[in-house]
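Visitor: I've got this one open on my screen. Can you walk me through a few spots in it?
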Amino acid sequence: MLGLLALATACQRAPYRATARLAPVTARPVARPLPDDPAAAALIAPYHDKVTAQMTEVLGTAPAALVKNPGESGLINFVGDLQRERAAAVLGQPVALGVITNGAMRAGFPAGAITLGSVFEMMPFENELVVVEAPGEVVRQLFTAFARSKTPVAGATYAVSFDGMPADIRIGGQPFDPNQDRLYAIALSDYLASGGDYLDFFKPLPQRHTGVLLRTAIADQVRAFTKAGKPVTATVEGRVRVQ
Amino acid sequence: MERRDFLRNTLLGTAGLTGLTVLGGLGAAAAPAKKGPLKLTILHTNDMHSRIEPFPDNGGQWAGLGGMARRAALIKEVRAQEANVLLLDSGDIFQGTPYFNFFGGELEYKLMTQMGYDASTLGNHDFDNGVEGLQRQLPHAGFPFLVANYDFAQSALAGKFQPYKVFDKAGIRVGVFGLGIELNGLVLDRNFTGITCLDPVAKAREMVTRLRGPEKCDFVICHSHLGYQYKTAKIDDRKLAAEITGIDLILGGHTHTFLEKPEAVAGPGGHQTLINQVGWSGINLGRLDFEFAPGGKRGGLAQASVLPVGVG
């Protein structure tokens with residue numbers, strides 16, 4: 001009967017109280033010299049072989065690394081420019097601007113061989129290159145948003161004033177007037193065109209499809225450099241001037 | 001008194017099978033009180049982003065780090081030493097290496113299943129191949145996805161996910177629920193068709209009430225993909241911990257925050273919530289150990305009293 005009593009109490013026991021007894025290192029690094037678990041390694045192997053067969057294809061060479069950093073970089077200029085060029089070629093019309101954020105590029109290119117794998121590291125997303133036709137007011141909002149992070153826009157130059165506002169915006173070398181009654185063709189990923197990275201102002205604009213993945217456009221540009229006998233280089237040109 | 005003594009003597013005196021069985025059962029049920037505290041080891045990851053293999057040796061800051069086969073080895077090492085292990089993930093399993101582009105997350109789920117993950121929640125990038133892309137991979141996941149603040153009823157994923165799960169670890173009832181980030185603005189509209197994001201704070205409150213109340217949990221874990229902290233009013237793990245009473249541990253994600261050790265945040269009424277997040281890409285495996293001893297009230301939400309069973 002005592003047994004019954006104790007067991008019954010255990011079923012409706014009082015709650016346990018938890019005390020943290022934290023190990024000296026609560027974030028254990030997953031690094032050498034940890035061995036590979038054989039079962040996991042065996043599961044990975046066939047997938048690995050399929051991926052590496054394609055990823056190790058060398059598309060081009062970069063004499064210096066194209067480094068990802070906030071604001072203007074050779075890398076962001078390279079991608080913004082190729083977006084404009086590719087979209088213009090596909091749609092058969094001039095494209096005034098190319099827009100990409102630093103957050104949308106997940107890595108830069110290392111110095112040396114650029115493989116298809118490098119392009120995947122940089123642009124893992126299945127984003128399509130699209131074109132929107134933006135009125136002056138949307139373009140104004142774009143520069144206002146980009147000035148905060150001093151991010152360049154391909155096809156344009158501008159200055160950032162002391163209070164973080166854009167000034168002296170020039171598109172194709174011409175001063176930008178938001179009140180001018182015209183549309184600006186902008187090449188960008190469908191992610192950004194759909195309001196991603198908080199670029200809500202693009203959201204209402206209809207998207208014209210190119211049918212080209214942004215990653216494919218990047219890989220093709222590297223291939224094009226190589227075909228023309230050129231290494232992949234890109235420079236900071238002062239597209240954003242900080243005042 | 002006389003009656004009790006008589007009973008005890010009878011039990012102990014009956015050196016036969018029955019007496020031993022009862023005492024044996026008693027010993028097992030009352031083990032925590034008699035053999036010191038019970039221990040629970042929580043292992044966790046967040047934002048693994050398809051990092052199947054370590055970062056390449058020319059991969060910059062994280063070169064050579066991570067790798068799921070190594071993580072599996074580390075988890076096995078811990079399991080060999082600890083009886084009660086709970087292995088959890090806080091979302092963004094998908095996206096970041098060609099493995100995802102080629103196989104859509106299949107290998108990530110298979111490896112996590114092999115490692116014995118108990119549960120994960122959903123991150124925004126887990127929708128990168130849309131509702132269908134996620135649905136296609138679910139058969140490869142031998143563990144549940146817990147998310148309390150997404151309403152899937154009008155989507156192709158209706159009925160696929162649970163808000164919470166209660167794990168029984170050697171008698172300790174551990175309630176785990178998940179919270180996902182607002183998908184608007186982060187995920188293409190067409191990639192989360194039919195899914196409604198609900199207020200994570202209200203849902204967390206509902207979960208705690210449920211888990212501490214009818215589910216009689218001793219310990220409540222939230223695996224969150226909300227993010228560690230924002231300077232804006234946007235909800236984050238620290239704000240959640242400060243607003244809600246009764247979450248013991250938030251295992252966070254989304255912001256790729258490397259915390260060297262968990263942060264304690266006092267909620268209303270002084271209940272302490274620990275928050276932890278271990279970077280991204282499986283560079284680290286989080287490990288938190290807790291001891292459990294009887295005592296205290298169940299978060300103020302327990303049954304009015306534990307009724308002694310009057311026998312005879």
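Predicted model: local features only at pLDDT ≥ 70, side-chain atom pairs only at ≥ 80, totals over all residues.

Visitor: Start with the backbone. Which residues does the cis peptide bond join?
Guide: The cis bond joins Arg32(A) and Pro33(A), with omega at about 10 degrees.

Visitor: And where is Pro33(A)?
Guide: Pro33(A) sits in the loop between strand E2 (27-29) and helix H2 (38-55) of chain A.

Visitor: What is phi of Asp168(A)?
Guide: Phi there is near 50 degrees, a positive value in a residue other than glycine. Asp168(A) belongs to strand E8 (residues 166-171) of chain A.

Visitor: Is Asp168(A) exposed or only partly exposed?
Guide: Asp168(A) counts as partly exposed, because 13 other C-beta atoms lie within 10 Å.

Visitor: Over to chain B. What about phi of Ser281(B)?
Guide: Phi of Ser281(B) is near 60 degrees, again positive in a residue other than glycine. Ser281(B) lies in the loop between strand E11 (272-276) and strand E12 (284-294) of chain B.

Visitor: Buried or exposed, that Ser281(B)?
Guide: Ser281(B) is buried, with 24 other C-beta atoms within 10 Å.

Visitor: What does Gly96(B) touch, sequence neighbours aside?
Guide: Beyond its neighbours within four places in sequence, Gly96(B) contacts Arg106(A) and Pro124(A) in chain A, plus His49(B), Ser50(B) and Arg51(B). Gly96(B) is placed in the loop between strand E2 (85-89) and helix H5 (98-103) of chain B.

Visitor: Why is Gly96(B) called buried?
Guide: Because 25 other C-beta atoms lie within 10 Å of Gly96(B).

Visitor: How far is Gly96(B) from Arg238(B)?
Guide: Their C-alpha atoms are separated by 27 Å, and the two residues are 142 apart along the chain.

Visitor: Chain B overall, then. How many helices and strands?
Guide: Chain B has nine helices and 12 strands. Of its 312 residues, 47% are buried. Among contacts in chain B between residues at least 6 apart in sequence, 74% join residues at least 24 apart.

Visitor: Back to chain A. How many residues in helix H3, and what is its reach?
Guide: Helix H3 (residues 74-91) of chain A has 18 residues and reaches 26 Å from its first C-alpha to its last, close to the 26 Å expected at 1.5 Å a residue.

Visitor: Which of its residues are buried?
Guide: The buried residues of H3(A) include Leu75(A), Ile76(A), Phe78(A), Val79(A), Leu82(A) and Arg86(A).

Visitor: What covers them?
Guide: The cover over the buried residues of H3(A) includes strands E4 (97-98), E6 (128-135), E10 (183-189) and E11 (208-213), along with helix H7 (214-227), of chain A.

Visitor: And what comes just after H3(A)?
Guide: Gly92(A), which takes a positive phi of about 65 degrees.

Note on methods: Residues numbered from 1 in each chain as written. Chains lettered and ligands numbered in written order. Helix = DSSP H or I, 4+ residues; strand = E, 2+ residues; numbered from the N terminus. Buried ≥ 20, exposed ≤ 12 C-beta atoms within 10 Å, placed from the backbone. Contact = placed C-beta atoms within 7 Å. Expected span 1.5 Å × (residues − 1).
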